[in-house]
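Here are my notes on this one, jotted down as I went through it. Have the viewer open while you read.

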Amino acid sequence: MRMTLLDNLQPGMILGKSIINAEGTVLLAAGVKLTPRYIHRLQNLGISTVYIWDERTADLDFRGPLRDETRLRAASTLRQVMTELEGDLERTTVLANKLPQIATVVDDILNDLLSSNKLIIDFLEIKTMDDYTFFHSVNVCVLALILGMRLGLEEEKLKELGIGSLLHDIGKTRIPAEIVAKPGPLTVTEWETMQKHTSLGFEILRKSNELPLPAAHVSYQHHERYNGTGYPRQLRGEEIHLYARLTAVCDVFDALTSDRSYRHRFLPHEALEYILGGSNTHFDFAVVKEFARCVAMYPLGTKVRLNNGTQGIVIQVPPQAPQRPVLRIIKDREDRTLDRPYNLPLLDHPRLIITAVLDQ
Ligand SMILES: [Fe+2]
């Protein structure tokens, strides 16, 4: 597989990874031969990038640290919870009833991460516009848990962090849908309303006796900024709970690397640059430092050009050095397609650097 922009799709190309919504419905299945109609359908789903099949990497199995089933179950559970909460503003029992399911989702995510044996994000999950909130929340939870594990949090704390980060935007169920889903910049009044999702989320979560209070604080504090310029309470530094400091970084990174109605996604190395730029002002430097070690700037399937002019596809991300992937070189410096692509571990070639991301 390799990643490519929708603009580069040609009829006859084969979809490499299924597009699935939060209800578990396959919108377009891996293996389908793309036609102009399918390409149009992909455009309507609001995504800019897809994985397509590439025979030069056909021997490889690209997948992130989470199993597809776990990711889907997490997104669909969250969808149910949020839809039910939207349906009736007074139904505080919704969360209490669903809490065991939410806890199971977090346990499953933790188990997947533990057994995958790689505490890094090396695969870009493509999400459709309609299901953005659900898959975004799951990704934030996965990233926050990876960070938490790397920072040595014990199991009980990881569970609290997992629940808190998964439900961090639950307050959006109390904000009018036309504001949450507005395809463009918000007015000042709308923005003030939108900011209330933090305290509204806290209100929903703290009413549930079984839910650990620190998890509720993630919702309350995930838009606070390290230098006190966030909202709603302008907390600063370590006044912000560690879980919220972790979630803030993961939330911004995943939001930037997602397609939105008003812009295409940022590439992971651009989003990482943004996060690094905000360390010690917006974000806790200690958290950012660990974060930079656990996300791949060039996820699996990314096509890149090296400073020697050759081109390759990222086929492996070493957990100990995620920014120095193994490439499968597919074109020489004269842009000629190689008959025999070969693997090149950048870790063994310190003079070679990635100078451009291609096709996206
Ligand atoms: Fe938020």
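Which residues touch the most other members of the largest nonpolar core?

1. This is a predicted model, where local features need pLDDT of at least 70, side-chain atom pairs count only at pLDDT 80 or more, and totals for chains, interfaces and linings use all residues. Residues are numbered from 1 along each chain as its sequence is written.

2. To the opening question: Ile109, Val138, Leu143, Ala144, Leu145, Leu166 and Val249 touch the most other members of that 85-residue core. Helix H4 (residues 132-150) is its top contributor, giving eleven residues. A nonpolar core here is a set of buried Ala, Val, Leu, Ile, Met, Phe, Trp, Tyr and Cys residues joined through C-beta atoms within 7 Å. Buried means that 20 or more other C-beta atoms lie within 10 Å of a residue's own, with C-beta atoms placed from the backbone.

3. Have a look around Leu166. Skipping neighbours within four places in sequence, Leu166 is in contact (C-beta atoms, placed from the backbone, within 7 Å) with Leu78, Ile102, Val105, Val106, Ser137, Val138 and Cys141.

4. Back to H4: 16 of its 19 residues are buried, so the helix is mostly covered. Just after H4, Gly152 has a positive phi of about 80 degrees.

5. For the whole protein chain, 41% of the 360 residues count as buried. The C-alpha atoms fill a box of roughly 65 × 45 × 40 Å along the principal axes.

Methods:
Buried ≥ 20, exposed ≤ 12 C-beta atoms within 10 Å, placed from the backbone. Helix = DSSP H or I, 4+ residues; strand = E, 2+ residues; numbered from the N terminus. Contact = placed C-beta atoms within 7 Å.
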